[in-house]
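Look at the fold and its charged side chains before reading on. The notes below are grouped by topic.

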Amino acid sequence: MDDDFIKTRAEHIRELATKADPFTKKRLLDLASAYERRLRPATSPAARAPGAHLQPRAKQ
């Protein structure tokens, strides 16, 4: 999926959430957030230092 599709889908889901009951609204907002997380780069330590987990630590 490309970024424009994801942005549009998240906006549409948020629009639907404004008309929904409280339970459904929460679920829809969670879904929209999940779509938006796909747009952001990963920030885990493994993503910041590729291959770092493959190098053995030196003994002291």
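Is Glu36 buried, exposed or partly exposed? Glu36 is partly exposed, with a relative accessible area of 24%; buried means under 20%, exposed over 50% and partly exposed in between, using a 1.4 Å probe and protein chains only. This is a predicted model, in which local features need pLDDT of at least 70, side-chain atom pairs count only at pLDDT 80 or more, and totals for chains, interfaces and linings use all residues. Residues are numbered from 1 along each chain as its sequence is written, and side-chain values use heavy atoms, leaving out hydrogens and water.

**Fold**
- The chain contains three helices and zero strands; helices are DSSP runs of H or I with at least four residues, strands are E runs of at least two, and both are numbered from the N terminus.
- Of the 60 residues in the chain, 12% are buried.

**Salt bridges**
- The count is two salt bridges, each a side-chain nitrogen of Lys or Arg within 4 Å of a carboxyl oxygen of Asp or Glu.
- Glu36 and Arg14 form a salt bridge at 2.8 Å, N to O.
- Glu36 is in helix α2 (residues 22-37) and Arg14 in helix α1 (residues 3-17), so this pair ties together parts 22 residues apart in sequence.
- Arg14 is partly exposed, at a relative accessible area of 29%.
- Lys26 and Asp30 form a salt bridge, with their closest N and O atoms 3.0 Å apart.
- Both Lys26 and Asp30 lie in helix α2, four residues apart, which is about one turn of the helix.
- Lys26 is exposed at 51% relative accessible area, while Asp30 is partly exposed at 40%.
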